[in-house]
Structures are given as C-alpha cells and as structure tokens.
Amino acid sequence: MKIQYFLRIILAGVLLVFMNACATTTARSGPAALAGTWTNSLGTVWTMKADGTFEVVNPKRHIWGKYTIAGDTVTIQETGGKTAKGCKGPGTYKFSRPNENTLTFTLVSDTCGERKKNVLLAWHHK
C-alpha cells in the first residue's frame, strides 16, 4: 500500500513538471517565435508583434512593416517610415533562438545593406 501511494506521488510530481515545462516554453514557430522587443549592439530596438507586424527604431530611422515565417525562415518587408535607399524590397533570413533571451539571423537574401548590417547582429530581449 505504501508503495502504491509513493508511486502516485512520484507520478503526480513528474506530471506537474511536464505541465510546467509546456506552459513556460517559448514558441519556436510562427510569428510568436519572434514576438517581443529586441535590441542589438548598435542600439537598434526592434519590436516584433505576434500579429506579424514590426517596428524598428534606431538612432537614424523609424520604420515599420510586416514579416512572415515559414519554418525557421523569416521574410521582412518594410511598409513605412524612413526606409533606407535600396530597402524597398523584402529581406529573407533564417533565424534561431539559442535561448529565451537571444535571437540570431543568417542571411538568405537581401539587397538592403543597412538592414543586413542590423539584422545579422545578435539580438537580446530588452
């Protein structure tokens, strides 16, 4: 009897640990994977919303736009603000979340030099 009771307590504890892990895991796909306010070493602040829109503020520019995600690839399209020369088209990057507070990108294709310079730096939750 004592063994059954003990096993039930252990099973309940394991179940609680798994439930807590599921509840606190950051989304790794879709717009929620990137949602949050991020900053890089240039002082750029990038707010990415779960609805697929974003805003970027850096010392020189304030821009906004939309992004889409397919797997681990994000396509960024600026739709307004002080867009830099050559940045009217989309940029496509692969992204990874090495941990909860870090976001990194690798270039797939982008003709915008200023965007590449910023995006390819490491980003940290602000």
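1. The coordinates come from a predicted model. Both residues return below, in the strands and in the ring contacts.

2. **Overall make-up.** The protein contains two helices and eight strands. Their order along the sequence is α-β-β-β-β-β-β-β-α-β.

3. **Burial and surface.** The protein has 126 residues, and 31% of them count as buried. Its accessible surface is about 7900 Å². Carbon and sulfur atoms account for 65% of that surface.

4. **Contacts along the chain.** Take the contacts between residues at least 6 apart in sequence: 34% of these join residues at least 24 apart.

5. **Strands E6 and E7.** Strand E6 covers residues 91-99, and strand E7 covers residues 102-109. The two run antiparallel and are joined by six bridges. A hairpin of two residues connects E6 to E7. For a landmark, look at Ser 96: its bridge partner in E7 is Thr 104.

6. **Strand E8.** E7 also pairs with strand E8, residues 123-125. This pairing is antiparallel as well, over two bridges. Here Leu 103 stands opposite Trp 123 of E8.

7. **Aromatic pairs.** How many aromatic pairs does the whole structure hold? The search finds four. In one of them, the ring centres of Tyr 93 and Phe 105 are 6.2 Å apart. Their planes meet at 75 degrees, so the pair is edge-to-face. The cut-off behind that label is an angle over 60 degrees. Tyr 93 sits in strand E6 and Phe 105 in strand E7, twelve residues apart, so the pair links distant parts of the chain.

8. **Aromatic cluster.** Which residues form one aromatic cluster? They are Trp 46, Phe 54, Tyr 93, Phe 105 and Trp 123. The cluster thus takes in the edge-to-face pair of Tyr 93 and Phe 105.

9. **The cavity.** The structure has one cavity of 30 Å³ or more. The volume of the largest cavity is about 200 Å³. Its lining counts 20 residues. Closest to the centre are Val 56, Ile 63, Glu 78, Arg 115 and Asn 118.

10. **Where the lining comes from.** Four elements each supply at least two lining residues of the largest cavity: strand E3 (53-57), strand E4 (62-70), strand E5 (73-81) and helix H2 (113-119). Which of them gives the largest share? H2 does, with four residues.

11. **Glu 114.** This residue lies in helix H2. Is Glu 114 buried, partly exposed or exposed? Its relative accessibility is 24%, so Glu 114 counts as partly exposed. The limit for buried is under 20%. Beyond neighbours within four places in sequence, Glu 114 is in contact with Asn 58, Arg 61 and Ala 84.

12. **Glu 114 and Lys 85.** These two residues are 29 apart in sequence. In space, their C-alpha atoms are 8.6 Å apart.

Definitions and conventions:
Residues numbered from 1 in each chain as written. Predicted model: local features only at pLDDT ≥ 70, side-chain atom pairs only at ≥ 80, totals over all residues. Heavy atoms only, no water. Buried < 20%, exposed > 50% of the residue type's maximum accessible area, 1.4 Å probe, protein only. Contact = heavy atoms within 4.5 Å. Areas by Shrake-Rupley, 256 points an atom, 1.4 Å probe, with all protein chains shown as cover. Pairing = 2+ DSSP bridges. Phe/Tyr/Trp six-rings, centres within 6.5 Å; stacked < 30°, edge-to-face > 60°. 1 Å grid on protein atoms, 1.4 Å probe; cavity = no way out; pocket = protein on both sides within 12 Å on 5 of 7 lines; lining within 4 Å. Points joined across faces, edges and corners; volume = space filled by probe spheres on them.
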